[in-house]
Amino acid sequence: MLIKKPSDIPSSEITPKSSYLNRRRFITGMGIAGAALLAGPKLFELASPEPVLAGAKIPGLKTTIKTDEMRTPYKDVTSYNNFYEYGVNKDDPAREAYRLKPSPWKVSVEGLVKTPRVYDIDQLMKMSTLEERVYRHRCVEGWSMVIPWVGYSLSNFIRQVEPSSKAKYVEFVTLADPAQMPGVRSAVLDWPYTEGLRLDEAMHPLALFCFGLYGETLPNQNGAPVRVVLPWKYGFKSCKSIVKIRFVDHEPGTAWNKAAPNEYGFYSNVNPNVDHPRWSQKYERRIDGSGFFASIKKHETQMFNGYTEVAGLYSGMDLRKYF
Ligand SMILES: Nc1nc2c(c(=O)[nH]1)N[C@H]1C(S)=C(S)[C@@H](COP(=O)(O)O)O[C@H]1N2
Ligand SMILES: [Mo]
């Protein structure tokens with residue numbers, strides 16, 4: 001795995017250093033509410049340094065889900081990130097995530113399963129056939145990408161660990177090691193980052209247990225070595241760098257819901273008809289690489305991010321109440 005020194009990466013190519021540093025101080029002083037506000041639909045700084053933490057090639061992948069939409073370039077997928085364990089700015093993870101040690105890596109499977117046990121990352125990657133799936137990715141802040149992920153349906157993993165009939169939800173927990181993740185020293189979120197799904201959502205074939213992108217193992221800043229990807233939900237549901245998966249009988253607490261319950265619900269399905277309390281969700285800015293400023297094209301956001309095959313999971317639910 002090629003890891004560049006952080007000094008090789010410009011902090012930002014387009015923002016003058018002084019205003020970049022000021023903004024950074026400003027955000028850090030404000031906490032999440034302010035950070036989220038600044039990170040809202042107006043904020044686009046594609047710093048686009050070189051991709052920093054390129055992964056290892058994964059051979060023999062078959063693309064099973066495609067789209068005609070233009071893919072977001074690798075460079076943008078790997079340099080415009082949310083990964084608060086490395087800072088609240090979009091360019092922080094690409095610069096700071098070299099600190100993560102994705103190997104060796106273990107994932108502990110706990111709670112209401114037949115045999116709770118710890119899996120090695122290599123075992124997890126082999127539990128089903130890895131494939132490439134090109135998914136739209138919609139951040140709650142109003143930007144979107146199209147990313148060729150690598151993984152297999154989370155359901156294939158869940159079936160093999162055999163949750164008991166009492167398991168109704170699954171919780172994902174990210175690593176929170178201050179030595180590898182400087183961001184967890186600040187109280188911006190309640191660490192570790194956790195996320196959760198209802199078990200039937202987790203079993204939907206679109207829910208991806210994800211180990212890579214663009215045909216390579218995940219770059220650190222994208223959540224190496226294993227994350228989930230839930231393309232019909234806002235991006236923050238897709239928990240990165242997972243160390244624990246717990247099967248439970250109650251709705252688990254989640255990092256953003258704990259931080260701002262009126263803004264981030266448990267379900268967080270992409271829904272253009274339910275605004276965020278501080279901004280509309282009707283449109284998104286697609287980062288598609290068709291040129292620097294031109295790349296930030298306005299798109300209409302679609303219900304469930306266009307993945308209407310999940311609608312049945314929510315039939316009879318008031319999606320304004322269960323946002
Ligand atoms: N552990 C952890 N997972 C996380 C986040 C985070 O800050 N920490 N950010 C989320 C958000 S808001 C988004 S939009 C996606 C971004 O994934 P990407 O950087 O691979 O595009 O990761 C999600 N998963
Ligand atoms: Mo996000």
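1. Ligand 1 and its shell. In this predicted model, ligand 1 is surrounded by 17 residues, and the closest are Asn 81, Tyr 84, Arg 227, Ser 238 and Lys 240. Sorted by class, the shell around ligand 1 consists of seven nonpolar, seven polar and three charged residues.

2. Polar contacts of ligand 1. Arg 227 places a polar side-chain atom 2.6 Å from an oxygen atom of the ligand. Asn 222 contributes an N or O atom of its side chain, at 2.9 Å from an oxygen atom of the ligand. Each of these pairs falls within the 3.5 Å cut-off used for a polar contact.

3. Burial of ligand 1. Taken alone, ligand 1 exposes 530 Å², and the protein buries 98% of that area. As for location, ligand 1 sits in the largest cavity.

4. Aromatic pairs. The count of aromatic pairs in the model comes to 17. One of them joins Tyr 135 and Tyr 307, with 5.8 Å from centre to centre and 75 degrees between the planes. An angle over 60 degrees counts as edge-to-face, and the pair of Tyr 135 and Tyr 307 is classed that way. Tyr 135 belongs to strand β4 (residues 131–138) and Tyr 307 to the segment after β13 (296–300), so this pair ties together parts that are 172 residues apart in sequence.

5. Cis peptide bonds. Two bonds deserve a check by eye. The peptide bond from Trp 191 to Pro 192 is cis, with omega near -5 degrees. Pro 192 is in the loop between β6 (169–174) and β7 (194–198). Ala 224 and Pro 225 are likewise joined by a cis peptide bond, where omega is about -5 degrees. Pro 225 lies in the loop between β9 (216–217) and β10 (227–229). As background, most peptide bonds are trans.

6. Backbone at Tyr 214. Most residues other than glycine have a negative phi. Tyr 214, which is not a glycine, has a positive phi of about 45 degrees. The residue is placed in the loop between β8 (208–213) and β9.

7. Thr 217 and the segment at Gly 55. Thr 217 is part of strand β9. The C-alpha atom of Thr 217 is 4.6 Å from that of Gly 55, although the two residues are 162 residues apart along the chain. The side chain of Thr 217 also reaches the backbone nitrogen of Ala 56, at 2.8 Å.

Methods. Residues numbered from 1 in each chain as written. Chains lettered and ligands numbered in written order. Predicted model: local features only at pLDDT ≥ 70, side-chain atom pairs only at ≥ 80, totals over all residues. Heavy atoms only, no water. Near = heavy atom within 4 Å. Polar contact = N/O pair within 3.5 Å; in protein donor to acceptor, adjacent residues only side chain to side chain. Areas by Shrake-Rupley, 256 points an atom, 1.4 Å probe, with all protein chains shown as cover. 1 Å grid on protein atoms, 1.4 Å probe; cavity = no way out; pocket = protein on both sides within 12 Å on 5 of 7 lines; lining within 4 Å. Sits in = over half its atoms within 2 Å of the grid points. Nonpolar A, V, L, I, M, F, W, Y, C, P; charged D, E, K, R; others polar. Phe/Tyr/Trp six-rings, centres within 6.5 Å; stacked < 30°, edge-to-face > 60°. Helix = DSSP H or I, 4+ residues; strand = E, 2+ residues; numbered from the N terminus.
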